[in-house]
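Please read the points below with the sequence and the model side by side, taking them one at a time.

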Amino acid sequence: MNRPRLNGRYFSIPSVLLALCLSLPAFAEEVPLRAFTASYSLHKGSMHIGTAELSLEPFEQLWRWRLTTRARGIYAVFVHKKPYSETTFSRVQDDVRLQQIVIGDKKDEDKYESASFDWEAGRMKVLRKGKRKNVKLAAAVYDYQSIHLLAAAMQRHQWNDETVDFYRKGKLVKSRLVYLGEEMIDIGDRQIEARVFRQTNEGSRTVIRYFYDANHPLLPLLIENRKGDDSPSILRLREVNWRL
Amino acid sequence: MSDPLALAILISGSGSNLQAIIDAIESGRLNAEIKAVVCNNPQAYGLQRAAKHDLPTRVIDHRDYANREQYDTVLQQYLQSVAPDYIVLAGYMRILSPAFIDAFEHRILNIHPSLLPAYKGLDTHQRALQNGEPRHGVSIHVVTAKLDDGPILLQASYPIDAGDSVEDLQARGHDLEHQMYPQLLGWISEGKLRIDVDGRILYEQTPLERPLLFNP
């Protein structure tokens with residue numbers, strides 16, 4: 001496909017060129033952003049084990065994804081977690097750039113993890129499990145939340161198969177997002193037209209399927225996360241509030 | 001020789017099934033004429049394949065339309081002007097509206113990467129692997145308003161081996177697909193397989209009670 005893109009193989013060159021290349025637009029046309037808060041029910045197999053809330057909102061001069069998850073009822077006794085994650089990003093010349101990823105658990109400070117991106121210097125500073133490290137950036141980076149931006153761009157530009165650098169557990173791995181097609185899915189008492197993507201990550205057996213609202217390409221209607229033979233974890237949309 | 005079967009082929013991507021049909025026509029194995037190649041994606045490689053063979057192409061980009069009904073109305077009008085005997089879905093990655101399917105009832109064919117009725121919908125290879133299936137396959141069926149649910153005409157299966165990946169299954173399935181569409185369309189063009197206006201399916205003058213099995 002002919003489009004400007006960021007790719008690691010172009011970057012065996014001096015860092016000044018790296019910074020220049022990193023500023024190239026990733027998307028020919030901007031994916032429009034609109035703030036929303038969506039609530040989800042969380043299922044493991046056939047069990048309803050919790051709830052989650054995903055939001056996209058402007059944050060100072062930036063934008064921020066935020067996901068919080070809560071175990072429900074009896075499951076809260078066994079799952080001593082209140083995990084949350086935030087991904088802050090900017091858009092410069094239509095290019096989506098992550099600024100910071102924060103992952104944590106309100107009940108477990110040891111689970112705190114962060115990654116800060118310095119695009120001018122071409123590096124990411126990671127704090128994970130109390131250890132700090134620097135990771136070199138070679139191309140645009142996505143994570144489990146900003147991946148929705150990539151999916152929206154793929155829908156907008158009809159790209160079917162993209163491999164990108166992906167932040168996972170303090171490292172950058174190759175991640176592949178494949179557009180599978182359209183499907184009608186049941187959300188509440190409605191059938192909604194969804195565009196379906198499959199994500200796989202290098203070095204991981206987890207397969208994630210994202211079902212996006214065809215009329216709102218940034219809004220996941222359903223996210224199915226399956227590791228090996230385990231029964232999948234499923235986030236299913238309950239309600240969405242769009243903000244002006 | 002009877003008149004060639006008039007086909008309209010709908011694609012969204014690389015068009016490898018389109019190529020298999022083109023090759024079968026050009027080699028004389030299939031008595032058919034491709035009246036139109038319609039694509040919703042202007043960047044699809046299948047359009048280049050069609051152009052190389054001087055086939056009439058039409059891009060109807062769904063992003064230019066406010067909703068599915070508007071898009072399908074334009075698609076329907078164009079296809080009615082082409083007047084194909086059959087509309088062949090060959091990697092067309094859009095849901096068709098009930099009104100569109102109704103307009104071409106019993107004349108839309110689809111190829112689906114599973115042994116229908118198992119694994120309707122998307123991502124069939126991944127789902128079959130996850131469920132530890134011993135076999136997977138390919139089905140060609142008549143399209144009805146219900147997804148992947150119309151009468152199954154032709155099926156082929158292949159084994160899933162330990163350590164197979166999605167890509168392995170896709171490659172095995174594609175090999176079969178590229179043989180199955182020309183075979184099935186050949187039977188239709190010869191009159192060996194007939195789909196009546198009321199949807200009744202006859203194979204060698206006998207009602208088809210179960211899918212035909214494809215043996216490569």
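1. Helices (DSSP runs of H or I, at least four residues) and strands (runs of E, at least two) are numbered from the N terminus. Just after α6(B) comes G191(B), which takes a positive phi of about 85 degrees.

2. Please keep in mind that this is a predicted model, in which local features need pLDDT of at least 70 and side-chain atom pairs count only at pLDDT 80 or more, while totals for chains, interfaces and linings use all residues. Residues are numbered from 1 along each chain as its sequence is written, chains are lettered from A and ligands numbered from 1 in the order in which they are written, and side-chain values use heavy atoms, with hydrogens and water left out.

3. How many residues of chain B are in contact with chain A? There are 20, and they meet 23 residues of chain A, where contact means heavy atoms within 4.5 Å. The size of an interface is often given as the accessible area lost when the parts come together. Here the two chains bury about 1800 Å² between them, with 40% of it on carbon and sulfur atoms; buried area is the accessible area (1.4 Å probe) that two parts lose on being put together, summed over both. On the side of chain B, M93(B), L122(B) and Q130(B) lose the most area to chain A, together 35% of what that side buries.

4. Between chain B and chain A the count is 6 salt bridges, each a side-chain nitrogen of Lys or Arg within 4 Å of a carboxyl oxygen of Asp or Glu. E193(A) forms a salt bridge with R68(B), and their closest N and O atoms are 2.2 Å apart. As for the elements involved, α5 (124-130) and α6 (166-190) of chain B each supply at least two residues of the side that touches chain A, and α5(B) gives the most, with 3 residues.

5. Most residues other than glycine have a negative phi, and most peptide bonds are trans. Against that background, D54(B), in the loop between α2 (45-52) and β3 (57-59) of chain B, deserves a look, for it has a positive phi of about 55 degrees although it is not a glycine. D54(B) counts as exposed, at 71% relative accessibility (buried is under 20% relative accessible area, exposed over 50%, partly exposed in between, with a 1.4 Å probe and protein chains only). A83(B), which is not a glycine, also has a positive phi of about 55 degrees, and its place is in the loop between α3 (68-82) and β4 (86-89) of chain B.

6. A cis peptide bond joins L116(B) and P117(B), with omega about 10 degrees, and P117(B) lies in the loop between β5 (108-112) and α5 of chain B. Both residues are among those in contact with I152(B), neighbours within four places in sequence being left aside. I152(B) is found in strand β7 (residues 152-159) of chain B, and at 19% relative accessibility it counts as buried.
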